[in-house]
Amino acid sequence: MTSSKAYVNAGIALAAMGAILFSSKGVIIKLAYENGMSTVEVMLFRMVFSAPVFALSALLVARRQRIVISGTDWGMTILCGVMSYYLATWLSFYGLQYISAQLERLILFTYPAFVVMGMAVLQRQFPSTKTVLATVLSYAGIVTVFAKELDFAASGRDASTQSDLWFGAFLVLCSALSYAASVIIAKPLIVRMGSVFFTGIAMSVSCAAIVVHSAVSGVLQTERLVEVVRSDNLELMILMGVLGTVLPAYMLNEAIARIGPDKAAILGTIGPVATAMMAVVILGEVFTVFHAAALALCALGVGILSRSKQH
């Protein structure tokens, strides 16, 4: 009983810490945009510094455990890689050109609601009252911040226009839908393959997709790549590749294996709190009582869920 409780508590801690590290991406991307990098360039360099780690880890696990994967599982793993760390990433990174890092992170974390609804449909079981309450509280916070930033845009206190905010919010919402679908699909695959092997394969697939995207969009030009490597952006990309991608990806997938995709997803709503702190301190973004109220609602939702998992 004790070991089981420790196993679940470790899953909760991994989900929360992974969400905090993932949240650093929004701030790093904003800094890279200020330094002249494009969305596709940021995606490409992120994978340059993270994909080798994922591929190597998957290879080592495969050799040690001699994992046998069915054709169907291979196909579903490839689908997860495309939907999560390629499509969802591109949509959220692109959306950051139009909205603040705080709003991007809050909207992105609508994905737990989609995960909960998707799992409820698949399992033909309505979510518990505490799960529903945690979800409602978390997303009440999202609505609060979005409404305030629309007000900023209308009054001219923000450089963005209302149309920019709606477009950026739409892109990030689509990112959340894509990521939620991949989380639901990933659960049985992680159980059968193990989180390390699955993560390595899925991330390698997404890296390949990003390289193809970069080639098609004309980003793979030697002079431009050398220019980025020689600039201050190199340190930002290394930081995002390791702390903002590699570590949290393994943490989140292990958390999914321990406590399930719906609970891991909702615990991830702690991410906006971390993003807000970093955005205010590093980017100088506005932080009002409305932002504080939104973060409090998200934190309360996480607290309710955490207590329900321990009883």
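1. Helices here are DSSP runs of H or I with at least four residues, numbered from the N terminus. The model is predicted: local features need pLDDT of at least 70, side-chain atom pairs count only at pLDDT 80 or more, and totals for chains, interfaces and linings use all residues. Residues are numbered from 1 along each chain as its sequence is written, and side-chain values use heavy atoms, with hydrogens and water left out.

2. Helix 9 itself covers residues 195-217. The expected span of a helix is 1.5 Å times one less than its number of residues.

3. Accessibility is classed as buried under 20% relative accessible area, exposed over 50% and partly exposed in between, using a 1.4 Å probe and protein chains only. Arg192 is exposed at 51%, whereas Asp73 is buried at 10%.

4. Glu254 and Arg258 also form a salt bridge, in which the closest N and O atoms are 3.0 Å apart. Both residues lie in helix 11 (residues 233-259), four residues apart, or about one turn of the helix. Glu254 is partly exposed at 22% relative accessibility, and Arg258 is partly exposed at 24%.

5. The largest nonpolar core has 85 residues. A nonpolar core is a set of buried Ala, Val, Leu, Ile, Met, Phe, Trp, Tyr and Cys residues joined through side-chain atoms within 4.5 Å. Val42, Tyr111, Phe198 and Met237 have the most contacts inside this core. Helix 8 supplies the largest share of the core, 13 residues.

6. Seven aromatic pairs are found in the whole structure. Rings of Phe, Tyr and Trp (its six-membered ring) pair if their centres lie within 6.5 Å; planes under 30 degrees apart count as stacked, over 60 as edge-to-face and the rest as tilted. Tyr94 and Tyr98 are edge-to-face, at 5.7 Å centre to centre and 75° between the planes. Tyr94 also pairs with Phe167; the centres are 6.2 Å apart and the planes at 90°, so this pair is edge-to-face. With Tyr94 in helix 4 and Phe167 in helix 8, the pair ties together parts that are 73 residues apart in sequence. Tyr94 is partly exposed at 24%, as is Phe167 at 35%. Trp90, Tyr94, Tyr98 and Phe167 form one aromatic cluster.

7. A nonpolar surface patch consists of Ile238, Leu239, Val242, Leu243 and Leu247, with about 360 Å² of accessible area together. Patches of this kind are made of residues with over 30% relative accessible area and no salt bridge, nonpolar side chains (Val, Leu, Ile, Met, Phe, Trp, Tyr) being joined within 5 Å. Leu243 lies in helix 11 and is partly exposed, at 36% relative accessible area.

Definitions and conventions: Helices (H or I, at least four residues) and strands (E, at least two) are DSSP runs, numbered from the N terminus. A salt bridge is a side-chain nitrogen of Lys or Arg within 4 Å of a carboxyl oxygen of Asp or Glu. Patches are made of residues with over 30% relative accessible area and no salt bridge: like charges are joined within 9 Å, nonpolar side chains (Val, Leu, Ile, Met, Phe, Trp, Tyr) within 5 Å. Accessible areas come from the Shrake-Rupley method with a 1.4 Å probe; for residues, only the protein chains shown count as cover.
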